[in-house]
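Me: I'd like to go through this fold with you, one question at a time. Can you take a look?

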Amino acid sequence: MANITLGERLAACASLVRRDAFLCDVGTDHAYLPIYLCESGAISRAVASDINEGPFLRAKENIAAHRLTDRIDTELAGGLHSLEERGFSDIVIAGMGGLMIRDIISEAPFLRDEKISLVLQPMKNEDELRFWLSENGFFIADERLALDSGKIYQIMRAVWDGKKHTFTQTELLLGKGNIEAREENRELFLRLCEKYLDMYGKKVRGLKPDTAEYAQAKRVYDEITALSKI
């Protein structure tokens with residue numbers, strides 16, 4: 001069988017997995033990510049986990065078809081339940097809402113370990129996930145943007161450092177790392193700005209100018225507008 005080719009979203013997730021990691025791919029679906037990383041030689045072993053039986057069985061079939069059953073285990077499990085004793089170095093949680101990712105992390109206290117790297121790709125609520133991480137001792141060490149099938153995605157790598165981190169609302173939405181690297185990824189960054197300018201433009205137009213909510217929304221709108229023009 002031919003080697004796996006990842007789309008831009010999963011490729012960005014793969015780029016943040018550390019070399020020689022022992023990986024857990026939560027919500028693995030077809031297990032494309034661990035198969036790709038094993039076949040490319042980036043990692044030697046992984047666990048592909050999914051809560052739903054259909055994706056779990058597809059993952060098992062794909063792993064077997066790629067002759068990787070000796071290197072990739074499968075687990076029918078929700079979140080990281082029952083997986084805390086495996087000793088993972090890197091964990092990917094991708095393709096689900098930011099609030100669900102937040103809940104998976106919050107229910108797994110063993111992740112409060114500076115040796116574990118979390119690669120997170122929320123489909124929505126990126127700002128709320130970043131806020132929770134920043135309030136609960138996780139440092140966002142790296143960030144990526146990916147354009148896949150016409151949609152912009154944000155991918156982040158977080159590690160436990162036990163400290164509280166502070167961000168503005170604009171930084172929570174766009175990612176401080178993405179803002180700092182905006183000249184390197186200008187086209188993708190502008191796409192991200194457009195998404196939130198549309199969202200906050202509607203908020204501003206729907207609020208009364210003499211309210212605190214209007215002032216906050218207008219400030220974020222103006223900050224993103226300025227960043228998109230730098």
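This is a predicted model: local features need pLDDT of at least 70, side-chain atom pairs count only at pLDDT 80 or more; totals for chains, interfaces and linings use all residues.

Me: Leaving aside its neighbours within four places in sequence, which residues is I155 in contact with?
Reply: Skipping the neighbours within four places in sequence, I155 still has a list of partners. They are R9, A12, C13, L16, V119, L120, Q121, D142, E143, R144, L145 and A146.

Me: And how many residues does the largest nonpolar core have?
Reply: I155 belongs to that core and is listed with V17, L37, I43 and I72 as those with the most contacts inside it. At least two residues each come from α1 (8-15), α2 (32-39), β2 (45-50), α3 (53-65), β4 (90-96) and β7 (151-160). There's also a second, separate core of 25 residues, including L83, I104, A108 and F138. For the largest core, the count is 29 residues.

Me: D90 in β4: buried or exposed?
Reply: D90 sits in strand β4. Beyond residues up to four places away in sequence, D90 touches L16, V17, R18, A21, F22, L23, C24 and S117. Buried means under 20% relative accessible area. D90 has 0%, so the answer is buried.

Me: On to helices: how are α8 and α9 oriented to each other?
Reply: The axes of α8 (residues 186-206) and α9 (residues 212-229) come within 9 Å and cross at roughly 155°. The crossing is left-handed. Angles over 145 degrees count as roughly antiparallel. The pair is therefore roughly antiparallel.

Me: How do the residues of the contact of α8 with α9 divide into nonpolar, polar and charged?
Reply: On the α8 side, the contact includes F189, L190, Y196 and K203, and on the α9 side Y214, V220, I224 and K229 are among them. By class, the residues of this contact come out as 13 nonpolar, three polar and four charged.

Me: What about α4 and α5, roughly parallel or roughly antiparallel?
Reply: The axes of α4 (residues 98-106) and α5 (residues 126-135) come within 8 Å, crossing at roughly 25°. Angles under 35 degrees count as roughly parallel. That makes this pair roughly parallel.

Me: Which residues of α5 make the contact with α4?
Reply: α4 passes α5 in a right-handed crossing. From α4 come G98, L99, I101, R102, I105 and S106. The contact has six nonpolar, two polar and two charged residues. On the α5 side, the residues are E128, L129, W132 and L133.

Notes: Residues are numbered from 1 along each chain as its sequence is written. Side-chain values use heavy atoms; hydrogens and water are left out. Axes are lines fitted to C-alpha atoms, for helices over the stretch in contact, and angles run from 0 to 180 degrees between N-to-C directions. Helices (H or I, at least four residues) and strands (E, at least two) are DSSP runs, numbered from the N terminus. Angles under 35 degrees count as roughly parallel, over 145 as roughly antiparallel, 65 to 115 as roughly perpendicular and the rest as oblique. A crossing is left-handed if the near helix is turned anticlockwise from the far one by less than a right angle, and right-handed if clockwise. Contact means heavy atoms within 4.5 Å. Ala, Val, Leu, Ile, Met, Phe, Trp, Tyr, Cys and Pro count as nonpolar, Asp, Glu, Lys and Arg as charged, and the others, Gly among them, as polar. A nonpolar core is a set of buried Ala, Val, Leu, Ile, Met, Phe, Trp, Tyr and Cys residues joined through side-chain atoms within 4.5 Å. Buried means under 20% relative accessible area, exposed over 50%, partly exposed in between (1.4 Å probe, protein chains only).
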